[in-house]
Amino acid sequence: MNLLQRIDRWGERHHPRWLDGIRVLLGVFLFYKGVVFIQNIDVLKSVIDQSPWLTVMSFWLAHYIVFAHLLGGLLIIFGLLTRVAILAQIPILLGAIFFVHTAVGLNATGIFNVHAETGLSILVLLLLVFFLVEGSGPISFDDYMRRHPA
């Protein structure tokens, strides 16, 4: 049995049900951010254009971010292909933390006081990594399909 299978098996046995509520809230938040990005797609493209490495791909990157947040948020809400959806989200959050939020610059007052968006991005990234390891939990389509094979 390889390491990923052991981690998955451990996650299945040690997953409290209240964590499924947090997973659903995480999915709702990501879906909401996708809707906000759709409403402000030009602003999203201009933020991407501020990075010297990403200006060529701003159109495609903005659409990837929107699509990944909308579809990934729904998949995380329902617990369907949760780890795949999370893997699509992690590069977006890393980019938000390292390229977008650090472009403003951090000051000595603290990361959570002035830059609340940076703190929120770090929290979402940590939750994504947690659910990447933990899995979707017992209240999910993944678990239903595992218990009721076709």
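# Close-up views of an all-helix model

Of the 150 residues in the protein, 37% are buried. The coordinates come from a predicted model, so read every distance below as a computed one.

**View 1. The overall fold has seven helices and zero strands.** Take the contacts with a separation of 6 or more: 71% of them join residues 24 or more positions apart. The UniProt annotation "transmembrane region", from an unreviewed entry, covers residues 21-41, 61-81, 93-114 and 120-141. For residues 21-41, the end C-alpha atoms are 30 Å apart, and the span is 95% helix and 0% strand. For residues 120-141, the end C-alpha atoms are 27 Å apart, with 73% helix and 0% strand.

**View 2. The largest nonpolar core has 14 residues.** Which of them touch the most other members? That would be L26, L30, I76, I86, V124 and L128. Helices α2 (18-39), α4 (58-78), α5 (82-104) and α6 (116-134) each put in at least two residues, and α5 gives the most, with five. Zoom in on I86 and, leaving aside its neighbours within four places in sequence, you find it in contact with I76, L128, F131 and L132. There is also a second, separate core of ten residues, and I41, L44, I65 and I92 are among them.

**View 3. Helix α3 (residues 41-49) has I41, L44 and I48 buried.** These three cover an arc of only 60 degrees around the axis, which puts them on the same side of α3. What do the buried residues of α3 pack against? Their partners are α2 and α4.

**View 4. K33 and E117 meet in a salt bridge, at 4.0 Å from N to O.** This pair ties together distant parts of the chain, with E117 in helix α6 and K33 in helix α2, 84 residues apart. Are the two ends buried or exposed? K33 counts as buried because its relative accessibility is 18%, under the 20% cut-off. E117 is partly exposed, with a relative accessible area of 44%. Not counting residues up to four places away in sequence, K33 touches H69 as well as E117.

View 5. An α-helix has 3.6 residues a turn, so residues three or four places apart point the same way. Both D20 and R23 are buried. A search of the whole structure turns up four salt bridges.

**View 6. D143, R146 and R147 are linked in a network of salt bridges.** Within it, the side chains of R147 and D143 come to 2.8 Å, N to O. Being four residues apart in helix α7, R147 and D143 are separated by about one helical turn. D143 counts as buried, with 14% relative accessibility.

**View 7. D142 is buried yet has no salt bridge.** It lies in helix α7 (residues 141-147). How far away is the nearest side chain of opposite charge? That side chain is R146, and it is 5.2 Å away, whereas a salt bridge needs the atoms within 4 Å. Leaving aside neighbours within four places in sequence, D142 is in contact with G79, L80, L81, T82 and S136.

**View 8. L81 has a positive phi of about 50 degrees although it is not a glycine.** Most residues other than glycine have a negative phi. Where does L81 sit? Its place is in the loop between α4 and α5. L81 is partly exposed, with a relative accessible area of 47%. L81 also turns up in the contact list of D142.

**View 9. L25 and I76 are 51 residues apart in sequence but 9.0 Å apart in space, C-alpha to C-alpha.** L25 belongs to helix α2. Is L25 buried or exposed? L25 is exposed, with a relative accessible area of 59%. I76, for its part, is one of the residues that touch the most other members of the largest nonpolar core.

Key:
Residues numbered from 1 in each chain as written. Predicted model: local features only at pLDDT ≥ 70, side-chain atom pairs only at ≥ 80, totals over all residues. Heavy atoms only, no water. Buried < 20%, exposed > 50% of the residue type's maximum accessible area, 1.4 Å probe, protein only. Lys, Arg positive; Asp, Glu negative; His and termini not counted. Contact = heavy atoms within 4.5 Å. Core = buried A, V, L, I, M, F, W, Y, C linked by side-chain atoms within 4.5 Å. Arc of directions from axis to C-beta. UniProt positions renumbered as here; feature names shortened; annotations may be inferred.
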